[in-house]
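Colleague: I want to learn how to read strands, rings and cores in a model. Please take me through them one by one.

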Amino acid sequence: MKNYRQLQKELAVQEEKNLSLIAQKSELEYQLSVQSEEVAYSRKQESDIRSLHQSVRQLKHDMKNHLMVLASYLNSGDYEAAKAYTSEILDKLNSMHSYIETGNSLLNHILNEKLELARSYGISVRAEIESLSFSRMHSIDFSALLTNLLDNSIEASKNEPFGELHLHIFQERGYDAVSIKNKIGKSVLEENPELRSTKEDKEQHGIGITQIKEIVTAYDGIYDFYEKEGYFCSRVFIPQ
């Protein structure tokens, strides 16, 4: 018959095994959620690319007709009608945008979704993207970081008369970096130096700033928010 001390020892061993199994289960559940997200992003990416290809095919099909109409206006000397028709074609071309392919399905999904949203508000977008993995970051953290950065700039830009958003993703001195700047009509930091998130400040970059700082700090990174030459600038650096 086992004594009390032996039973305690066996119980402790069993509890340790149970804790190990619980930890393994949690890790497997996390990996499953990450993989599920990646599958969803990949499917959305494929759908976006198919849609873009369809738009390009339609444009090529229509271009012959467009050129025939223009030639007709020019041959008849109706230059004003030719100019107006050309302007309509250019507006249609400008409403289309190329699909951004970075080699990172999560990055593709976020960039194409958010930059399309920016364009829908009439915001002029300029993007310079290097193919980076941000491999140190969990997918959920990377998604929250980049989404909040872009949402801040889009929210602040959509009510500007001439909204501009400049995005740069690059490597610098051992860091994976994201730099976003948007045109501002007046200083944000003078009115809200702490970038606090309140209902009144939502157009002034208050959205998600706390979460951005927490994520960057968790990865021993660097963040900076400043203004320069009429732009509000957000920069984050994550060690590689």
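Modeller: Start with strand pairing: two strands pair if DSSP finds at least two bridges between them. Helices (H or I, at least four residues) and strands (E, at least two) are DSSP runs, numbered from the N terminus. This is a predicted model, where local features need pLDDT of at least 70, side-chain atom pairs count only at pLDDT 80 or more, and totals for chains, interfaces and linings use all residues. Residues are numbered from 1 along each chain as its sequence is written, and side-chain values use heavy atoms, with hydrogens and water left out.

Colleague: How many bridges join strand β4 to β5?

Modeller: Seven, and the two strands run antiparallel. β4 covers residues 222–228. Tyr-223 has Val-236 in β5 as its bridge partner. The β4–β5 hairpin has two residues between the strands, and Glu-229 takes a positive phi near 50 degrees there.

Colleague: Now the rings. What describes a pair of aromatic rings?

Modeller: The distance of the centres and the angle of the planes. Rings of Phe, Tyr and Trp (its six-membered ring) pair if their centres lie within 6.5 Å; planes under 30 degrees apart are stacked, over 60 edge-to-face, the rest tilted. That rule gives five aromatic pairs here. Tyr-175 lies in β3 (residues 175–183) and Phe-237 in β5 (residues 231–239), so the pair ties together parts 62 residues apart in sequence.

Colleague: Is Phe-237 buried or exposed?

Modeller: Buried means under 20% relative accessible area, exposed over 50%, partly exposed in between (1.4 Å probe, protein chains only). Phe-237 counts as buried because its relative accessibility is 12%. Tyr-175, at 25%, counts as partly exposed. Tyr-223 and Phe-225 form a tilted pair, 6.0 Å centre to centre with 40 degrees between the planes.

Colleague: And the core? Which residues touch the most other members?

Modeller: In soluble globular proteins, nonpolar side chains tend to be buried together. A nonpolar core is a set of buried Ala, Val, Leu, Ile, Met, Phe, Trp, Tyr and Cys residues joined through side-chain atoms within 4.5 Å. The largest one has 36 residues, and Leu-145, Leu-167 and Val-178 touch the most other members. Helix α4 gives the largest share of this core, seven residues. Contact means heavy atoms within 4.5 Å. Leaving aside residues up to four places away in sequence, Leu-167 touches residues including Leu-111, Leu-150 and Val-178.
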